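Student: I've got a model open and want to talk it through. Can we go step by step?

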Amino acid sequence: MLGYAVRRLGLGVAIVTTAMAILFIMIFLVPGDPASVALGPRATPEMVEALRVRMGLDRPVWEQFWNFYASAVRGDLGTEALSGRPVADVVLEQLPYTLALIVSGISWAVALGIPLGALAAVQRGSLADRIVGVLSVAVIAVPSFVVAIYALLIFAVWLRWLPAIGAGEPGDFADQLTHLLLPSLAVGLGWVGYIARMVRASMLEALQASHIRTARAFGLPERLITYSYALRIAILPTLTLLGIGVGHMLSSAVFAEIVFARPGIGKLVYDAIIVRNYPVVTGAVLVTTVFFVMVNVAADILVGALDPRVRSELGR
Amino acid sequence: MSSVAEPARPRHAGLAALGRVLAEPMGLFGLALVVLVIVSAVFADQLAAYNPTRMMPRDRFADPGWTHLMGTDHLGRDLFARVLHGGRIALWVALVATSISLALGAVLGLIAGYGPRWLDNLLILIFDAVKSFPTVMLALTLVTLFGPSLTAVMVVVVLVATPSYARVIRTQTMALKTSEFILAARAMGAGMGRILRVHVLPNVIGPVLILASMDIPVVIAIEAGMSFLGLGVRPPTPSWGAILNDGFTNIRETPWIAVAGGLPVILTTLGFTFLGETLRDVFDPRLRREG
């Protein structure tokens, strides 16, 4: 088990390193000099040259990448040109808002998706199964930002049930919760469909397994077999799915933050783009990518711990 | 027993498949929506009474009605015309970007699957790394660095889609690599290019085509999403995302603009998804588990 975890972690580090190389190449390919762009059109050539040296742009490419990589590993993502604050601080300050949104989205999607999937599997071929099937496909298909805008339109503008913008008064938990409802609806809705489909499929497979047959032969109650024995196995692939899905959820969260004017990574980057604040954008991309890879590694290791069959797969 | 006449088989396998798609309510519904979207985009000029970029200042923020079916926006442009023409952009991006991703994915997948082990490992690492960027963050970065444009949208789509196609092609190529007919072709002196092109590619492309058709809604969502953020198609070009953005800005006063921008996105993604799901079930049920 430890070997599997170490191998999976190593792969994660390799992926992050490659992703950083790709990001570095993209920044490197940008037309124009980052130093003069950062200083604006009114900067003197001397000022630009001084910033070039300070940013290390006068060095060879390999050295630039190494500096980029080494300082990122140390947690140094550069400083924001305008305020002079470390980018890492600026980004990490916003991360909790985005994480809260993602976690709340996943939570309600799991709470609804697993029972729906299990129900569809147990009543395979029934009307309920077909309805769950079609609805799952439908909510997966519709982009989350359209869900966000329509939710805003229906629940905040027309019905006026819920607040439209912001994250709520700090310290006022009820207020923050009501502000979280609509964004969390937009982030989670598609996942109800994904999870229901995944649970249904793996539940159908699990119900065929030999230990389930044995349990039936022993005359255990059907409810115990389905909801305890089969569902326990059927939930495992959902974990992997959620790991892979964190990237999608991050994307949905970015849109939800922009639509509902909530603080978070999405709002931060969106505002940074308008003023062409490069370091904040690349810093945020780096943080979210590392976060995504880490969640995937964690999900895989967790599934490996719960299901020994998975561990051997990485040794392909 | 054998004297019983066999049921007449459709002459063409494609017709049989179409019949099976139409027999499924979901497939029929999806196909109807897709046809509706394609027809309205192709005949946008004939179906809409106005030019999508023509500004009619006296008709600003007109309610939906008989003169303007979906109303007008803040510049007095007819929303119905903009929605129909927006479909052209969406379908164009879907067609071009998906084709490029397919071609690139096929080449890289064949190389990874057939080439030396180290190259395979390197390519897989790059695919995984590219896929580890959250889509929106990738789009935001590219646009920050290179500026908003339709090309930026296509680059994002290609970067997001290519790794998945390449991976599927790679896996299948590896399975074929040691099969007898490939070995025979090699023994007869066929070069690598010829083997990949003539013998491997036709055998591995099928499932990827289905995957690509199922990705169309995703591509349309990326285009609309980026244009919504003002990072995609430049004004005054009509795009569903741009209409949504206009509607979002004025959502309290004139909510119909946001409805007009969102509705085609919803109908199109639903149509292509329902159709894609049915096609996949008909052609290749094995892909179902990758959902």
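Student: How far apart do the C-alpha centres of domain 1 and domain 2 of chain A lie?

Tutor: First, this is a predicted model, where local features need pLDDT of at least 70, side-chain atom pairs count only at pLDDT 80 or more, and totals for chains, interfaces and linings use all residues. Residues are numbered from 1 along each chain as its sequence is written, chains are lettered from A and ligands numbered from 1 in the order in which they are written, and side-chain values use heavy atoms, with hydrogens and water left out. The assignment for chain A gives domain 1 as 2–73 and domain 2 as 94–274, with bounds from an automatic or database domain assignment. Between their C-alpha centres, the distance is 36 Å.

Student: On to chain B: how many helices are there?

Tutor: Helices here are DSSP runs of H or I with at least four residues, strands are E runs of at least two, and both are numbered from the N terminus. Chain B has zero strands, and its C-alpha trace spans about 75 × 65 × 30 Å along the principal axes. The helix count is eleven.

Student: Is Glu223(B) buried or exposed?

Tutor: Glu223(B) sits in helix α9 (residues 192–228) of chain B. Buried means under 20% relative accessible area, exposed over 50%, and partly exposed in between, using a 1.4 Å probe and protein chains only. The relative accessible area of Glu223(B) is 0%, so Glu223(B) is buried.

Student: Which side chain does the side chain of Glu223(B) make a polar contact with?

Tutor: Leaving out residues up to four places away in sequence, Glu223(B) touches several residues, among them Ile89(B), Val153(B) and Ser239(B); contact means heavy atoms within 4.5 Å. A polar contact is a pair of N or O atoms within 3.5 Å; within protein, one must be able to donate a hydrogen and the other to accept it, and residues adjacent in sequence count only if both atoms are side-chain atoms. At 2.9 Å, the partner is Ser239(B).

Student: How far apart in space are Glu223(B) and Phe181(B)?

Tutor: In sequence, Glu223(B) and Phe181(B) are 42 residues apart. In space, C-alpha to C-alpha, the separation is 43 Å.

Student: Does Val35(B) count as buried, partly exposed or exposed, and why?

Tutor: Val35(B) is found in helix α2 of chain B. Its relative accessibility is 42%, so Val35(B) counts as partly exposed.
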